[in-house]
Amino acid sequence: MSKEKIKKIVLIVLVAVFVFSGYQLFLETRQYNQAEAEYESLEATYVQKETPETVLAENDDAVAITEQSPYPKLNIDFEALQTLNPDVLGWLYVEGVGISYPIVQTVDNDYYLDHTVEKQVNSSGAIFMDYENTPDFYDFNTFLYGHNMKNNTMFGALKRYYKEEGVCEQNPYFYIYLPTGEVLKYQIFSYYLTTDTSDSYELVSTEEEYDAYVDRVYRRSAFAGNTVTQQYSTMVTLSTCAGASSGNQRFLVHGFCVDEFVNEFI
């Protein structure tokens, strides 16, 4: 075979690879955009963010001050959300990194890896609770999973905790809103990189297991700004992928439940 023919074959192969890669990128970008649009629409339709009330201070100048709420004022229409998808069991709000999504749960940990809350096939998936956890968040440790998306949607924004100095120190809280009207406030006490086979994924069912688990994840933590201790308080662990795509590296964020409120804005 002549050199010219070899050059032509190589060129054809390179063009084919380029076209295929471009098409794959187009499909990936389209799915990202579709999922982002869906979740933005869900939030805009079913979540009303209340503005702080302005009150008058009791002094001669009658200076207007803002009344502070102990939790973000979200009025969430869970009835309508559960009509859309009965798997919806709560709403996660991580104000410090801009995460705001419904939480779903089904009979396994596979379905919502590639289905959105509206049950559309999409690689962005959904934020979902481990199928072995109880949906009331009363387990010693509840796991919530979400993809580490390249466009920082889903749990992609969690990477800011270890990539940007001071993010967690400035706002170490996240909130879970429940259809029953409770708002659960969590304080982050540990985060770190690990693998998908880590014993950090073990479920905790006794006080002895709880003590050993908390000690373990404290020692692994890359977050030195918080040494809060909540003996036998329930925990939530946020889990996402890290590192190379399809690899076994994971990033975990642990939070103790430090307060509970009745949502007055529903």
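Lys49 is partly exposed, at a relative accessible area of 47%; buried here means under 20% relative accessible area, exposed over 50%, and partly exposed in between, with a 1.4 Å probe and protein chains only. The partner of Lys49 in a salt bridge is Glu43, with the closest N and O atoms 3.5 Å apart. The term salt bridge requires a side-chain nitrogen of Lys or Arg within 4 Å of a carboxyl oxygen of Asp or Glu.

Colleagues, a word on the basis of these values. The model is predicted, so local features need pLDDT of at least 70 and side-chain atom pairs count only at pLDDT 80 or more, while totals for chains, interfaces and linings use all residues. Residues are numbered from 1 along each chain as its sequence is written, and side-chain values use heavy atoms, with hydrogens and water left out.

Let me continue with the charged pairs. How many salt bridges does a search of the whole structure find? The search returns seven. One of them joins the side chains of Arg216 and Asp199, at 3.4 Å from N to O. This pair links distant parts of the chain, 17 residues apart: Arg216 belongs to helix 5 (residues 207-220), and Asp199 to the loop between strand 10 (182-195) and helix 5. Helices (H or I, at least four residues) and strands (E, at least two) are DSSP runs, numbered from the N terminus. Arg216 counts as buried, at 16% relative accessibility, whereas Asp199 is partly exposed, at 26%.

Asp199 also forms a salt bridge with Arg220, where the closest N and O atoms are 2.7 Å apart. Here again distant parts of the chain are linked, with Asp199 in the loop and Arg220 in helix 5, 21 residues apart. Arg220 is partly exposed, with a relative accessible area of 33%. Which residues make up the network of salt bridges? Asp199, Glu202, Arg216 and Arg220 are linked in it.

I turn now to the aromatic residues. The structure holds 16 aromatic pairs. Rings of Phe, Tyr and Trp (its six-membered ring) pair if their centres lie within 6.5 Å; planes under 30 degrees apart count as stacked, over 60 as edge-to-face and the rest as tilted. Among these pairs is that of Phe140 and Tyr210, which is tilted, at 5.2 Å centre to centre and 55° between the planes. Phe140 lies in the loop between strand 7 (127-129) and strand 8 (141-145) and Tyr210 in helix 5, so the pair ties together parts that are 70 residues apart in sequence. Phe140 and Tyr210 are both buried.

Tyr161 and Tyr191 form a stacked pair, with 5.8 Å between the centres and 15° between the planes. This pair too links distant parts of the chain, Tyr161 being in helix 3 (residues 160-163) and Tyr191 in strand 10, 30 residues apart. Both tyrosines are buried. One aromatic cluster comprises Tyr161, Tyr162, Tyr191, Phe223 and Phe251.

Finally, the strands. Strand 9 (residues 173-177) is mostly covered, with four of its five residues buried. Strand 9 pairs in the antiparallel sense with strand 5 (residues 88-94) over three bridges, and with strand 10 over five bridges; pairing requires that DSSP finds at least two bridges between two strands. Leu92 stands opposite Ile176 of strand 9, and Tyr175 has Lys185 in strand 10 as its bridge partner. The hairpin of strand 9 and strand 10 has four residues between the strands, and in it Gly181 takes a positive phi near 105°.
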